[in-house]
Amino acid sequence: MPPKKKAVTKKAAPKAAPKKSNKKERVAVIRTEMTPCKDLKYYHKNPNTNPNIDKIAKSLHINQQFRPIVVNIGTLTGRKNEVLAGNHTLKAARKPVFWQSAGQTYDKPAWDTILCSFVDVDEATAFQIVS
């Protein structure tokens with residue numbers, strides 16, 4: 001009878017560290033609802049400037065709002081109801097508008113509420129959304 005062969009156990013190769021993905025995770029919208037303009041705050045370090053708020057305000061009053069502004073609920077940043085996308089839309093909504101066109105006069109009051117999509121993101125993600 002031939003000699004028994006010893007069982008050979010192979011050592012498992014060390015596991016490589018998981019690769020970091022360059023893919024950005026999607027930001028989930030928690031809810032979308034009409035919100036009082038007075039409850040919202042502008043992003044504290046908004047790098048975007050647009051001096052033509054009057055033009056945006058006029059467009060809002062003529063065409064209405066066709067997409068919600070994005071608001072951070074602030075549990076990760078400590079700043080509640082901070083607008084990340086739509087700071088100028090909010091400024092325009094808060095502004096009363098007066099203009100004349102084709103012999104007619106338009107005098108529109110500021111909006112009381114605006115449509116908002118709420119997210120909850122950290123500081124870095126908030127900055128990416130604003131930039």
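1. Five salt bridges are counted in this predicted model, a salt bridge being a side-chain nitrogen of Lys or Arg within 4 Å of a carboxyl oxygen of Asp or Glu. Because the model is predicted, local features need pLDDT of at least 70 and side-chain atom pairs count only at pLDDT 80 or more, while totals for chains, interfaces and linings use all residues. Residues are numbered from 1 along each chain as its sequence is written, and side-chain values use heavy atoms, with hydrogens and water left out.

2. One of the pairs joins Glu33 to Arg31, with 3.0 Å between the closest N and O atoms. Glu33 is partly exposed at a relative accessible area of 33%, and Arg31 is partly exposed at 35% (buried means under 20% relative accessible area, exposed over 50%, partly exposed in between, with a 1.4 Å probe and protein chains only).

3. Asp54 and Lys95 form a salt bridge at 3.1 Å, N to O. Asp54 lies in helix α1 (residues 53-63) and Lys95 in the loop between α2 (87-93) and β5 (97-101), so the pair ties together parts 41 residues apart in sequence; helices (H or I, at least four residues) and strands (E, at least two) are DSSP runs, numbered from the N terminus. Asp54 is partly exposed at 48% relative accessibility, as is Lys95 at 31%.

4. Arg79 pairs with Glu123, the closest N and O atoms being 2.8 Å apart. Salt bridges with shared partners join Arg79, Glu82 and Glu123 into one network.
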